[in-house]
There are 2 protein chains.
Amino acid sequence: MKRQRVGFQGERGAFSEVAAQKMRKGKLNLVPFPSFPAMFRALAARKVDYATVPIENTLAGSVHENYDLLLKHRLPILAETNIRIVHNLIAAPGATLRTIHKVYSHPVALRQCIRFLEKHGKWEVVPFYDTAGSVKMILEKKLQDSAAIASKAAAQVYGGRILVKDIGDDRENYTRFFLLGPRSAANALSTGKKTSIVFVTRNLPGSLFRCLSVFALRDIDLTKIESRPLRGRPWEYLFYLDFQGNPSDPSVRNALKNLSEITEFLRVLGCYPTIG
Amino acid sequence: MKRQRVGFQGERGAFSEVAAQKMRKGKLNLVPFPSFPAMFRALAARKVDYATVPIENTLAGSVHENYDLLLKHRLPILAETNIRIVHNLIAAPGATLRTIHKVYSHPVALRQCIRFLEKHGKWEVVPFYDTAGSVKMILEKKLQDSAAIASKAAAQVYGGRILVKDIGDDRENYTRFFLLGPRSAANALSTGKKTSIVFVTRNLPGSLFRCLSVFALRDIDLTKIESRPLRGRPWEYLFYLDFQGNPSDPSVRNALKNLSEITEFLRVLGCYPTIG
């Protein structure tokens with residue numbers, strides 16, 4: 001059987017790779033991409049079978065670039081999962097806390113470990129393009145004066161040693177990921193319990209309220225709302241909504257039918273299970 | 001009379017500086033800051049009298065970092081304005097389109113001029129920390145092979161020449177700015193027609209719908225909703241809302257009173273005029 005090709009953004013050992021392995025079981029051919037647009041283009045062109053997309057983090061908020069790419073590419077959401085982000089201080093064999101003078105990582109990870117870094121106030125903090133990439137660089141160069149902040153998976157992939165584990169300021173640090181599939185998978189029968197949509201309201205007072213009413217009046221529970229600017233129409237917005245329910249439920253089907261009557265544009269981005 | 005000290009983020013000639021001059025008339029002492037957190041801290045410590053804060057752009061979306069800082073610092077919004085973002089190709093005297101091989105600017109500005117840059121596909125595109133800062137660097141070094149993408153104001157401040165004006169892909173490129181003042185200004189009588197608030201709903205199905213109903217039932221027009229993660233409570237959110245109206249209107253006063261009954265937390269961030 002052919003291995004499933006699953007795209008992710010970042011270097012081997014990225015948190016996205018951990019998420020990919022949780023959402024697709026079995027032997028995977030994990031394909032790294034330098035950017036999110038490159039990954040979406042590869043999935044649209046069937047160069048990979050699936051793509052792993054971080055969509056929001058409980059500390060940093062939504063990954064707005066990926067909301068825009070979901071709209072642009074029409075690639076269906078097949079699953080979601082949450083990963084606890086555990087940051088570790090990782091170094092090359094031989095290095096110790098005493099030999100370290102510099103710490104490399106992605107700026108978001110550095111910001112999430114401020115208390116730990118303040119305890120080591122003499123260390124130079126160097127922003128790097130990727131968390132796992134900073135481990136890769138340190139191990140390739142066998143640096144003894146530098147450490148990286150990244151996942152346990154990154155330490156394993158590149159042979160790094162974890163000097164201090166779980167150094168993040170806030171333990172409630174989770175990232176939610178989507179698994180996207182090819183456009184042909186959009187109509188597959190889904191037993192998913194959650195649905196994501198995007199819509200544009202008519203530009204009238206009270207229009208967002210009316211759109212939310214189609215869910216509230218049917219006791220459908222909204223779990224997330226996100227707004228993005230509508231191109232070409234300054235100060236108007238696209239709304240992305242997640243809710244509990246499946247379009248095969250009559251109440252959800254009716255809510256979406258009702259919503260389509262009062263919106264200018266409506267698209268279902270996916271109906272998917274939550275992988276625990 | 002003492003000059004008003006107005007903080008802005010970026011180098012002299014930044015779009016924020018243009019916004020500052022629109023919102024505070026008269027002689028200003030414009031004070032640049034390297035980051036938004038540094039500027040908010042300076043205003044909280046009364047080292048400046050006002051601060052200029054970009055809050056959303058019609059192409060790139062909200063500046064989420066500044067939403068978080070508005071919540072953290074309790075500095076009132078005193079005014080808002082919209083600035084059309086006009087990107088220009090700027091070079092040192094003597095340089096021409098033929099001598100240019102490299103273009104520097106902030107990554108957001110570079111992304112907004114993709115069509116222009118594709119027409120000059122041989123130019124190397126170099127991300128830089130600031131739009132106006134890229135003009136400053138090129139003029140200081142008197143580079144003949146490089147150009148910057150920045151505002152007309154930046155060309156004037158550093159003595160650059162505009163080689164091509166208005167090179168952005170999308171003419172509908174506007175940034176909305178807030179002028180923040182000291183905490184003592186929060187209770188000043190305002191004749192502003194717009195109000196911004198932030199709140200946390202009770203975590204119950206339909207709670208956002210109920211919160212919006214207090215405005216809809218009184219025909220108060222919402223102009224913007226933004227959500228940000230609530231720290232320590234994964235997958236719960238803070239909501240930022242802008243609406244037309246002033247808390248001295250009975251209907252707005254009643255809506256806010258009603259909202260405070262059904263929310264866990266509610267704060268008015270400001271009530272302010274729109275400077276045209």
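Reader: Let's start with strand β9 (residues 146-150) of chain B. How many of its residues are buried?

Author: Five of the five are buried, so the strand is largely enclosed by the rest of the structure. Keep in mind that this is a predicted model. To call a residue buried, I want 20 or more other C-beta atoms within 10 Å of its own.

Reader: Now the pairing. How does strand β6 (residues 88-91) of chain B run against β9(B), parallel or antiparallel?

Author: First the general idea: strands of a sheet pair through backbone hydrogen bonds, in either a parallel or an antiparallel sense. Here β6(B) and β9(B) run antiparallel, joined by four bridges. To see one spot in that pairing, look at Asn88(B), which stands opposite Ala150(B).

Reader: And what about strand β7 (residues 102-105) of chain B?

Author: That one runs parallel to β9(B), with three bridges joining them. Val103(B) has Ala147(B) as its bridge partner in β9(B).

Reader: Over to chain A, then. In what order do the strands of its five-stranded open sheet come?

Author: Read across the sheet, the order is β8-β7-β9-β6-β10, and the pairing is mixed. The edges are β8 (124-127) and β10 (161-164) of chain A, each of which pairs on one side only. From one strand to the next, the twist averages 35°. Inside the sheet, β7 (residues 102-105) and β9 (residues 146-150) of chain A pair in the parallel sense over three bridges. In that pairing, Tyr104(A) is opposite Ala148(A).

Reader: Which helix lies across β6, β7 and β9 of chain A?

Author: That's α6 (residues 131-140) of chain A, which runs at about 150° to β9(A).

Reader: Which residues touch the most other members of the largest nonpolar core?

Author: That core has 144 residues, and the ones with the most partners in it are Val135(A), Leu180(A), Val135(B) and Leu180(B). Take Val135(A): beyond its neighbours within four places in sequence, its contacts include Gly13(A), Ile90(A), Ala148(A), Ala150(A) and Tyr158(A).

Reader: Let me try a glycine. Why does Gly7(A) count as buried?

Author: Gly7(A) has 26 other C-beta atoms within 10 Å, so it is buried. You'll find Gly7(A) in strand β1 (residues 4-9) of chain A. Past its sequence neighbours within four places, its contacts include Val31(A), Phe33(A), Met39(A) and Ala42(A). For a residue at some distance, pick Phe209(A): it is 202 residues along the chain from Gly7(A), with 38 Å between their C-alpha atoms.

Reader: And in chain B, what does Phe33(B) touch?

Author: Leaving out residues up to four places away in sequence, Phe33(B) touches Gly7(B), Phe8(B), Gln9(B), Ala38(B), Met39(B) and Ala42(B). Phe33(B) belongs to strand β2 (residues 28-33) of chain B and counts as buried, with 21 C-beta neighbours inside 10 Å. Sequence and space can tell you separate things: Phe33(B) and Gly10(B) are 23 residues apart in sequence, with 6.0 Å from C-alpha to C-alpha.

Reader: Zooming out, how many helices and strands does chain A have?

Author: Nine helices and 16 strands. Its C-alpha trace spans about 65 × 50 × 35 Å along the principal axes. Of its 276 residues, 45% count as buried.

Reader: What rotation superposes chain A on chain B?

Author: In general, two copies of a chain are related by a rotation about an axis and a shift along it. In this model the rotation is 180°, with 0.0 Å of shift along the axis and an RMSD of 0.0 Å. The two copies are thus related as by a two-fold rotation axis. The same surface serves both copies, as 100% of the contact residues of chain A recur in chain B.

Reader: How many residues of each chain are in contact across that interface?

Author: 27 residues of chain A are in contact with 27 residues of chain B. On the chain A side, the elements giving two or more residues are α8 (207-216) and β13 (222-229). β13(A) supplies the largest share, seven residues. By class, that side has 12 nonpolar, eight polar and seven charged residues.

Reader: Is α8(A) mostly enclosed or exposed?

Author: Eight of its 10 residues are buried, so α8(A) is largely enclosed by the rest of the structure. Among them are Leu208(A), Phe209(A), Cys211(A) and Leu212(A).

Definitions and conventions:
Residues numbered from 1 in each chain as written. Chains lettered and ligands numbered in written order. Predicted model: local features only at pLDDT ≥ 70, side-chain atom pairs only at ≥ 80, totals over all residues. Core = buried A, V, L, I, M, F, W, Y, C linked by C-beta atoms within 7 Å. Buried ≥ 20, exposed ≤ 12 C-beta atoms within 10 Å, placed from the backbone. Contact = placed C-beta atoms within 7 Å. Nonpolar A, V, L, I, M, F, W, Y, C, P; charged D, E, K, R; others polar. Least-squares fit on C-alpha atoms with pLDDT ≥ 70 in both. Pairing = 2+ DSSP bridges. Axes fitted to C-alpha atoms, helices over the stretch in contact; angles between N-to-C directions.
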